[in-house]
Amino acid sequence: MVAMSARPNQESAAPQAETTSPHRAGFACFVGRPNAGKSTLTNALVGQKVAITSNRPQTTRHTVRGIVHRDDAQLILVDTPGLHKPRTLLGERLNDVVRTTWAEVDVIGFCLPADQKLGPGDKYIVKELAGIKKTPKIAIITKTDLVESKALAEQLLAVSALAEELGFEWAEIVPVSAVGDKQVDLLADLIAPLLPESPPLYPEGDLTDEPEMVMVAELIREAALEGVRDELPHSIAVVVEEMLPRTDRPADRPLLDIHANVYIERPSQKGIIIGPKGKRLKDVGTKSRKHIEALLGTPVFLDLHVKVAKDWQRDPKQLRKLGF
């Protein structure tokens with residue numbers, strides 16, 4: 001059908017009102033093996049650090065919501081722990097978090113690093129995704145800055161073939177580099193139309209709904225993870241006991257006192273975290289304080305103590321105490 005002007009005798013028809021697309025808002029989660037680049041991608045899309053990153057697997061322990069504000073859409077990004085074969089009660093609980101999240105989001109992004117071949121862990125996750133029928137699924141090839149174009153092309157073909165083998169089709173397949181800021185905006189462009197029509201769910205300016213005390217604890221844990229031995233990262237937990245403004249400070253020179261405990265599982269690990277003459281713990285405090293001050297926008301006095309919570313990853317009571 002061809003639309004005709006109702007007033008052909010006029011030299012020009014009146015300008016038509018532009019049809020605007022409805023605003024969309026909803027939840028998207030990134031899933032994948034541990035250390036697949038999910039947290040880095042979340043931070044890149046939000047434009048600010050809302051999820052801690054590390055080259056250690058299983059860094060993420062909470063689902064962190066990063067909020068991306070656009071004119072046409074609001075993307076609430078749920079960054080989940082990496083799905084893995086659990087060896088502890090903590091591992092089982094983290095896997096439960098992932099599966100619960102999948103059931104509640106509007107879009108699922110499967111993250112696969114460009115520099116690693118599709119492995120049994122990836123196939124296990126994609127097989128589970130194949131069973132989720134109604135939710136659109138996007139394959140995201142991360143860390144593309146680490147490979148040549150030939151290797152990237154092979155990875156794109158491999159992830160496409162895997163979905164075909166399992167009887168479903170990806171809504172999109174997108175190669176990205178969060179570190180190189182390549183195609184990150186394109187990924188947001190592709191997720192937005194898959195979200196339901198809705199007004200914004202969070203106020204403009206909100207970047208996460210994670211409580212400040214949890215964010216601060218995560219930043220301390222991120223600093224504590226740097227350079228520790230392979231067996232130690234999973235044993236580290238951080239709890240912020242209190243955050244209070246210093247009362248005797250003038251209004252133009254505020255100071256926030258933060259008292260936090262770094263928990264490990266065995267007394268022998270205490271020396272590793274503290275370091276010779278306390279140097280390592282001091283470095284953890286210095287590094288994390290910079291990020292905390294940037295997050296909260298105020299100077300901070302950070303008081304850190306290292307405590308032993310024996311075998312906390314396997315103890316339900318200890319897990320509850322540490323927020324899991």
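These are my notes on what I looked up in this structure, a predicted model.

**Entry 1: overview**

I began with the make-up of the protein. I found nine helices and nine strands. The chain has 324 residues, and 46% of them count as buried. I then looked up how far along the sequence the contacts reach. Among contacts with a separation of 6 or more, 71% join residues 24 or more positions apart.

**Entry 2: confidence**

I checked the confidence before reading any detail. The average pLDDT of the protein is 83, and 85% of the residues score at least 70. Strand β5, residues 137–142, has the highest confidence, at 97. Helix α2, residues 89–102, has the lowest, with a mean of 74. I also looked at the start of the chain. Residues 1–17 stay under 50 in pLDDT, and the model gives this stretch two contacts beyond four places in sequence. I did not read further into that stretch.

**Entry 3: helix α1**

Is α1 enclosed or open to the outside? I looked up the burial of helix α1, residues 38–46, and seven of its nine residues are buried, so the rest of the structure largely encloses the helix. I listed the buried residues as Lys38, Ser39, Leu41, Thr42, Asn43, Leu45 and Val46. After the helix comes Gly47, with a positive phi near 90°.

**Entry 4: the sheet β7-β8-β9**

I traced an open sheet of three strands, in the order β7-β8-β9, with mixed pairing. Its edge strands are β7 (237–245) and β9 (300–308), each of which pairs on one side only. From one strand to the next, the twist averages 15°. I followed the pairing of β8, residues 256–264, with β9: the two strands run parallel and share nine bridges.

**Entry 5: α6 against α8**

The axes of α6 (residues 212–225) and α8 (residues 279–296) come within 8 Å and cross at roughly 140°. The crossing is right-handed.

Which residues of α6 and α8 meet? On the α6 side I listed Glu212, Met215, Val216, Leu219, Ile220, Ala223 and Ala224. On the α8 side I listed Arg280, Val284, Lys287, Ser288, His291, Ile292, Leu295 and Leu296. By class, this contact has 10 nonpolar, two polar and three charged residues. The spacing in both lists sent me back to a general point: an α-helix has 3.6 residues a turn, so residues three or four places apart point the same way.

Gln183 is not a glycine, yet its phi is positive, about 65°. I placed Gln183 in the loop between β6 (172–175) and α5 (184–191). Its relative accessibility is 38%, so Gln183 counts as partly exposed.

Lys277 is also not a glycine and has a positive phi, of about 55°. I found Lys277 in the loop between α7 (270–274) and α8. Is Lys277 buried or exposed? With a relative accessible area of 91%, Lys277 is exposed, because the cut-off for that class is over 50%.

How values were computed:
Residues numbered from 1 in each chain as written. Predicted model: local features only at pLDDT ≥ 70, side-chain atom pairs only at ≥ 80, totals over all residues. Heavy atoms only, no water. Axes fitted to C-alpha atoms, helices over the stretch in contact; angles between N-to-C directions. Helix = DSSP H or I, 4+ residues; strand = E, 2+ residues; numbered from the N terminus. Left-handed = near helix turned anticlockwise from the far one by under 90°. Contact = heavy atoms within 4.5 Å. Nonpolar A, V, L, I, M, F, W, Y, C, P; charged D, E, K, R; others polar. Pairing = 2+ DSSP bridges. Buried < 20%, exposed > 50% of the residue type's maximum accessible area, 1.4 Å probe, protein only. pLDDT = per-residue confidence, 0-100.
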